[in-house]
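Please open the model in a viewer and keep the selection panel at hand.

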Amino acid sequence: PGLPTKISGMATRVLQLLWRSFTVRRFGPLKRPCIPRSHNISTGSGGKATKPRRELPPTINMTAQATDVVSKLLAKNGSVAGVKVGFDGITYTVKYVKEEEIHALDERIEKDGAVVIVDWKAFGALVGKTLAFSEESGKFTIEDSRE
């Protein structure tokens with residue numbers, strides 16, 4: 001038992017409101033499920049917090065050589081806030097980024113003077129990966145540390 005479909009604009013809206021009020025009177029208002037106080041799921045205001053959150057490991061790891069190269073590059077370029085690592089669906093990207101270009105959801109990893117920003121859209125593709133620097137090619141590479 002739904003509403004008739006061949007009724008014009010205003011009449012349709014009036015019938016929808018009447019139908020909703022009828023179903024609420026007939027079945028009662030929808031209620032939120034009751035959660036006992038022993039299952040405190042709130043860590044914000046109002047109620048005591050459960051156990052503190054554990055510190056998560058960084059999304060991407062860095063080799064010692066990559067850390068040295070990034071810190072040297074940042075020392076040369078004072079206007080750059082860090083090196084941003086991302087993934088566009090096909091290739092990994094490593095580029096300089098200024099402070100105003102950093103998104104609020106990006107992850108900032110600081111290690112021994114090296115600042116690496118992980119693009120928030122690439123978290124899934126970069127979890128467990130390692131940022132390395134190849135001396136032969138002179139390029140950064142992303143390696144899978146799980147292999």
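**Stop 1**

Select E110 and R108: they form a salt bridge whose closest N and O atoms are 3.0 Å apart. A salt bridge here is a side-chain nitrogen of Lys or Arg within 4 Å of a carboxyl oxygen of Asp or Glu.

E110 is exposed, with a relative accessible area of 56%. E99 counts as partly exposed at 46% relative accessibility, and R108 counts as partly exposed at 37%.

**A note on the model**

This is a predicted model, in which local features need pLDDT of at least 70 and side-chain atom pairs count only at pLDDT 80 or more, while totals for chains, interfaces and linings use all residues. Residues are numbered from 1 along each chain as its sequence is written, and side-chain values use heavy atoms, with hydrogens and water left out.

**Stop 2: a buried pair**

A search of the whole structure finds four salt bridges. One of them joins K84 to D106, with the closest N and O atoms 2.9 Å apart. K84 lies in strand β2 and D106 in the loop between β3 and β4, so the pair ties together parts that are 22 residues apart in sequence. Are K84 and D106 buried or exposed? Both are buried.

**Stop 3: the four-stranded sheet**

Helices (H or I, at least four residues) and strands (E, at least two) are DSSP runs, numbered from the N terminus. Two strands pair if DSSP finds at least two bridges between them. Select the open sheet of four strands, whose order is β3-β2-β5-β4 with mixed pairing. Its edge strands are β3 (92-97) and β4 (107-111), each of which pairs on one side only. Neighbouring strands of this sheet are turned by 25° against each other on average, direction ignored. Axes are lines fitted to C-alpha atoms, for helices over the stretch in contact, and angles run from 0 to 180 degrees between N-to-C directions.

Now select β2 (residues 82-87) with β3: six bridges join these antiparallel strands. G82 has V97 of β3 as its bridge partner. α2 packs on the sheet, touching β2, β3, β4 and β5 (114-118), and its direction makes about 100° with that of β5. Contact means heavy atoms within 4.5 Å.

**Stop 4: the three-stranded sheet**

Next, select the open sheet of three strands, with the order β1-β6-β7 and mixed pairing. β1 (60-62) and β7 (139-144) stand at the edges with a single partner strand each, so one side of each is left without a neighbour in the sheet. On average, neighbouring strands here are turned by 35° against each other, direction ignored.

β1 and β6 (residues 129-134) run parallel and are joined by three bridges; N61 has T130 in β6 as its bridge partner. Helix α2 (residues 64-76) lies across β1, β6 and β7, running at about 70° to β6.

**Stop 5: confidence**

Finally, colour by pLDDT, the predictor's confidence in each residue, from 0 to 100. The protein has a mean pLDDT of 77, and 65% of its residues reach 70 or more. Select residues 35-43, where pLDDT stays under 50 and the model has 10 contacts beyond four places in sequence. Where pLDDT is low, the predicted coordinates should not be read in detail.

Technical notes: Buried means under 20% relative accessible area, exposed over 50%, partly exposed in between (1.4 Å probe, protein chains only).
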